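Here's a quick look at how the parts of this chain sit together, followed by a closer look at one residue. Have the model open as you read.

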Amino acid sequence: MSIVTIYHNPDCGTSRNTLALIRASGIEPTIIEYLKAPPDREILKAMIARMGMRVRDVLRVKGTPYKELGLDAMHWSDDQLIDQMLAHPILINRPIVVSALGVRLCRPSDIVVELLPQRQAGEIRKEDGTLLLIDAPIAGGDPDLALALQGAGLPTDDLTEPGRRFFAYVTVSGERVGFGGFEHMGQNVLVRSLVVLPQARHRGIGGGMLALLLRRAFDEGGREAWLLTTTAAPFFERAGFKPMERTSAPASVLATRQAANLCPASAALLRRSIHL
């Protein structure tokens, strides 16, 4: 038996990418096409528990009977939600990867790196040609972060204040390609400090960085992402953000230093839900 198992949907691009990334590391995983052979109740419950996620957070919404079944209502118990996942396996989000290093819902597919005991040397690319990225937490006082933000004309005055989370992004070969961060306010997060380094631009890297950043925010309880930008609204709109009036933002977002005084009044406010 392989040291890695993937619960796979071959019609899903993220699932195909995850499988390809596992194989690129030199591992041939056990592949379970869960729509044909769904896990039983005990296995599903055990995987969700090992992931440290709520049952509701493992439900897939897009392309499923989620809304028709009324699963957005909050009265459903965990056992009832699992009943629905077993009756309709398409409701199980994908891909779930199991290894000796843990169990993860690998969305985005880059998350699978955390579960692999070995990595291939050199770059690894996804179906669309973009590079696999690895993120690492860094301190707000990291001088390289401040230098990159200054070069991009982004605020740096509040980097070391509490409540901020920052990450550096590298490729598998170790090339540092950018930085990103967010401020966490319960279910709301303010995305900030997302910058691709000059030598890494025009390679589709920004979208991968943003996807990883939103996943980290999701794992910390974030469900609504907000941001302010003077130059990058089209990029964020392509990633699902929508322009909003400032009066629609929660008070906690408007009270951040970014919103209150570091970003100009002309900066566009955008929002999107965070989901897997």
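## Two domains

The C-alpha centres of domain 1 and domain 2 lie 28 Å apart. Eleven residues from domain 1 and nine residues from domain 2 make up the contact. Keep in mind that this is a predicted model. If you want to colour the chain by domain, the assignment puts domain 1 at 4-115 and domain 2 at 133-273.

## What holds the interface

Between them, domain 1 and domain 2 bury about 780 Å², with carbon and sulfur atoms giving 48% of that area. On the charged side of things, there are three salt bridges between domain 1 and domain 2. The side of domain 1 that touches domain 2 has six charged residues, five nonpolar and no polar ones.

There are also five residue pairs in polar contact across the interface of domain 1 and domain 2, both partners at pLDDT 80 or more.

## A closer look at M244

M244 belongs to strand β10, which covers residues 242-244.

Which residues does M244 touch, leaving aside neighbours within four places in sequence? Its contacts are W226, L269, L270 and R271. As for R272, it sits 28 residues from M244 along the chain, and the two C-alpha atoms are separated by 9.8 Å.

How values were computed. Residues are numbered from 1 along each chain as its sequence is written. This is a predicted model: local features need pLDDT of at least 70, side-chain atom pairs count only at pLDDT 80 or more; totals for chains, interfaces and linings use all residues. Side-chain values use heavy atoms; hydrogens and water are left out. Domain bounds come from an automatic or database domain assignment. Contact means heavy atoms within 4.5 Å. Buried area is the accessible area (1.4 Å probe) that two parts lose on being put together, summed over both. A salt bridge is a side-chain nitrogen of Lys or Arg within 4 Å of a carboxyl oxygen of Asp or Glu. A polar contact is a pair of N or O atoms within 3.5 Å; within protein, one must be able to donate a hydrogen and the other to accept it, and residues adjacent in sequence count only if both atoms are side-chain atoms. Ala, Val, Leu, Ile, Met, Phe, Trp, Tyr, Cys and Pro count as nonpolar, Asp, Glu, Lys and Arg as charged, and the others, Gly among them, as polar. Helices (H or I, at least four residues) and strands (E, at least two) are DSSP runs, numbered from the N terminus.
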